[in-house]
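Me: I have a structure open and a list of words I keep meeting. Can we go through them one by one?

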Amino acid sequence: MEPRTLHLLPLFTSLVSLLSLPLPSHSSSIDSFVFVGCSQIKYTPNSPYESNLDSLLTSLANSATYSTYNNFTIMGSSPQDVVYGLYQCRGDLSMPDCATCVARTVSQLGSLCPQTCGGALQLQGCFVKYDNDTFLGVEDKTVVLKKCGPSVGYEAERMGRRDAVLESMGASSGGYRVGGSGDVQGVAQCVGDLSVGECQDCVSEAISRLKTDCGTAVYGDMFLGKCYARYTTAGAHSNAHPDHDSSHDDGEKTFAIIVGLLAGVALIIIFLTFMRKVFEGNGK
């Protein structure tokens, strides 16, 4: 395996595409799915890189019990075995919720990005990323996920409140920012490895894209490589105020149905293959 820069592809495989359908990003649950990206480069099973990756993911999960952000570099005997990683919890989470979210994210990465040299998973409450090429401290304003709600037409008062909230967050300082005006709520956050200036630059870009791309939508999400900005209007987007709702449960039920269907298809294929062999054997 040669070390190469990871280019994360959101919703890269068909499995990930299926996962994105039943688990909407507008569930209030901290562990509901938002997006995933996996590299196309695979590592060799039972290799030093796999061992280092396991160590990294364990370190991330352990660290989340006492810190809402951290990054690690696991060195190897050769440059190609080095692995870099970080996690970031949403700024309003308690430490127990942060630890739970990161542990869930780490456990899902292995199945969503099997044997890949790099992967990133964003849940509602936290973000985890690893790679075989360093990305720590590097600003990334690539659009990873854009989601705009339905447009209700231009309402000057409501759009004025929306723009005021976004501008307020853009003018704020700190890695985690919230704003509100009437029925409009907003939230923005940077990954903790960015400098103050890089964070400001990233959030400003996300907010600018939200206003341009989502127009008069009732809610909007703009996730860039190292930050995000989101807003909701009139309760259309529940994440600005995380109150429990049933959408996560509905998503899990739909996901279970899809998994069941896939398992059924697999069993049918196995049965047909077996029957073909039986008939071929009888024909000899």
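Reply: Start with "buried". A residue is buried when its relative accessible area is under 20%; over 50% it is exposed, and in between it is partly exposed. In this predicted model, the buried residues of helix H2 include Tyr-49, Leu-53, Leu-56, Leu-57 and Leu-60. Glu-50, Asn-52 and Ser-63 are also among them.

Me: What covers the buried residues of H2?

Reply: The cover includes strand S3 (69–74), S4, H3 and S6.

Me: How much of the chain is buried?

Reply: Buried residues make up 45% of the 284 residues. The chain has six helices and 11 strands.

Me: What makes strand S6 largely enclosed?

Reply: Count its residues. S6 covers residues 126–131, and six of the six are buried, so the rest of the structure largely encloses it. Both faces are covered. Cys-126, Val-128 and Tyr-130 are buried on one side. Phe-127, Lys-129 and Asp-131 are buried on the other.

Me: How do you know that S4 and S6 pair?

Reply: Pairing needs at least two bridges. Strand S4 (residues 83–89) and S6 are joined by six, and they run antiparallel. Gln-88 stands opposite Phe-127 in S6.

Me: How many bridges pair S5 with S6?

Reply: Four, again in the antiparallel sense. Gly-119 stands opposite Tyr-130 in S6. S5 and S6 form a hairpin, with two residues between them.

Me: Why are S7 and S8 said to stand at the edges?

Reply: Look at the strand order first. Five strands form an open antiparallel sheet, in the order S7-S10-S11-S9-S8. Strand S7 (143–148) and strand S8 (176–181) each have a single partner strand, so one side of each has no neighbour in the sheet. From one strand to the next, the twist averages 5°.

Me: How many bridges pair S10 with S11?

Reply: Five, and the two strands are antiparallel. S10 spans residues 219–224, and S11 spans residues 227–233. Gly-220 stands opposite Tyr-231 in S11.

Me: Which strands does helix H5 touch?

Reply: H5 (residues 196–214) packs on the sheet and touches S7, S8, S9, S10 and S11. Its direction makes about 140° with that of S10. Helix H4 (residues 156–171) lies across S8, strand S9 (184–190) and S11. H4 runs at about 25° to S9.

Me: Why are the buried residues of H5 said to line one face?

Reply: The buried residues are Cys-199, Cys-202, Val-203, Ala-206, Ile-207, Leu-210 and Cys-214. Seen down the axis of H5, they fall within an arc of 130°, so they line one face of the helix. Their cover includes S7, H4, S8, S9, S10 and S11. After H5 comes Gly-215, with a positive phi near 50°.

Me: Why is Asn-46 called exposed?

Reply: The cut-off for exposed is over 50% relative accessible area. Asn-46 has 74% relative accessibility, so it counts as exposed. Asn-46 sits in the loop between strand S2 (33–38) and helix H2 (48–63).

Me: What makes the phi of Asn-46 worth a look?

Reply: Most residues other than glycine have a negative phi. Asn-46 is not a glycine, yet its phi is positive, about 65°. Gln-115 is another non-glycine residue with a positive phi, near 55°.

Me: How confident is the predictor in this chain?

Reply: The average pLDDT is 80, and 72% of the residues score at least 70. Over residues 1–27, pLDDT is below 50. Over residues 237–259, pLDDT stays under 50. Where pLDDT is low, predicted coordinates should not be read in detail.

Note on methods: Residues are numbered from 1 along each chain as its sequence is written. This is a predicted model: local features need pLDDT of at least 70, side-chain atom pairs count only at pLDDT 80 or more; totals for chains, interfaces and linings use all residues. Side-chain values use heavy atoms; hydrogens and water are left out. pLDDT is the predictor's confidence in each residue, from 0 to 100. Contact means heavy atoms within 4.5 Å. Axes are lines fitted to C-alpha atoms, for helices over the stretch in contact, and angles run from 0 to 180 degrees between N-to-C directions. Buried means under 20% relative accessible area, exposed over 50%, partly exposed in between (1.4 Å probe, protein chains only). The arc is that of the directions from the helix axis to the C-beta atoms.
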